[in-house]
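Reader: Could we go through this protein together? I would like to start with the overall fold and then turn to particular residues.

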Amino acid sequence: MSQMWIKSGNTYLSAVSNGYYQAEAAVLLLPGFMQSKSDIYYNMTFIRKQLKLAGFYSIQVDLEGHGDSYTKIEELTYDRLLENVKDILCYLHNQGFKKCYAIGRGVSGN
C-alpha cells in the first residue's frame with residue numbers, strides 16, 4: 001500500500017493505492033458522497049485487497065471536500081468533482097495504465 005497526493009485543479013487529492021504496479025489495468029475506487037470514514041475505509045479497503053488478489057492495481061481517492069483532501073464542502077460543484085475524476089484518470093494513464101475502471105458509491109458512483 002502506498003499513499004500519494006494527486007494534483008487536481010488548484011488543489012491536491014489524498015490517495016492510497018494497493019501498490020501493485022505490475023497490473024495491466026487500474027481500478028479507481030470512489031467512496032460515496034459524504035459517507036462516514038469508517039464505512040469508506042472498511043468497504044474500500046476490502047475491495048482494494050480483493051482487486052490486488054485478482055491482479056488489478058487500485059487507487060482509492062478522496063475527492064475534493066472528502067476525507068483527507070482539501071476544499072470546503074460548500075465550494076463543491078458537480079463540475080469540480082468531474083474534474084477530479086478526469087485528473088485522476090490522467091494520472092493513471094501517465095503511470096502507464098492503458099485500461100482504467102471505476103467503482104463508486106452514491107453520487108461518486110454516478
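Author: The discussion below concerns a predicted model.

Reader: How many helices and strands does the protein have?

Author: The secondary structure consists of three helices and five strands. Along the sequence, these follow the pattern β-β-β-α-β-α-β-α.

Reader: What share of the residues is buried?

Author: Of the 110 residues, 40% count as buried. The protein exposes about 6400 Å², and carbon and sulfur atoms supply 54% of that area.

Reader: Which residues touch the most other members of the largest nonpolar core?

Author: That core has 19 residues, and those touching the most other members are Met4, Leu28, Tyr57, Ile59, Val61, Ile88 and Leu92.

Reader: And which elements give two or more residues to this core?

Author: They are strand S1 (2–8), strand S2 (11–17), strand S3 (25–30), S4 and H2. H2 gives the most, with five residues.

Reader: What is Leu92 in contact with, leaving aside its neighbours within four places in sequence?

Author: Leu92 is in contact with Ala26, Tyr57, Ile59, Phe97 and Cys100.

Reader: A change of topic: where does Glu75 lie?

Author: Glu75 lies in the loop between strand S4 (57–61) and helix H2 (78–94). The C-alpha atoms of Glu75 and Glu64 are separated by 9.2 Å, and the two residues are 11 residues apart along the chain.

Reader: Why does Glu75 count as partly exposed?

Author: Because its relative accessibility is 41%, which falls between the 20% limit for buried and the 50% limit for exposed.

Technical notes. Residues are numbered from 1 along each chain as its sequence is written. This is a predicted model: local features need pLDDT of at least 70, side-chain atom pairs count only at pLDDT 80 or more; totals for chains, interfaces and linings use all residues. Side-chain values use heavy atoms; hydrogens and water are left out. Helices (H or I, at least four residues) and strands (E, at least two) are DSSP runs, numbered from the N terminus. Buried means under 20% relative accessible area, exposed over 50%, partly exposed in between (1.4 Å probe, protein chains only). Accessible areas come from the Shrake-Rupley method with a 1.4 Å probe; for residues, only the protein chains shown count as cover. A nonpolar core is a set of buried Ala, Val, Leu, Ile, Met, Phe, Trp, Tyr and Cys residues joined through side-chain atoms within 4.5 Å. Contact means heavy atoms within 4.5 Å.
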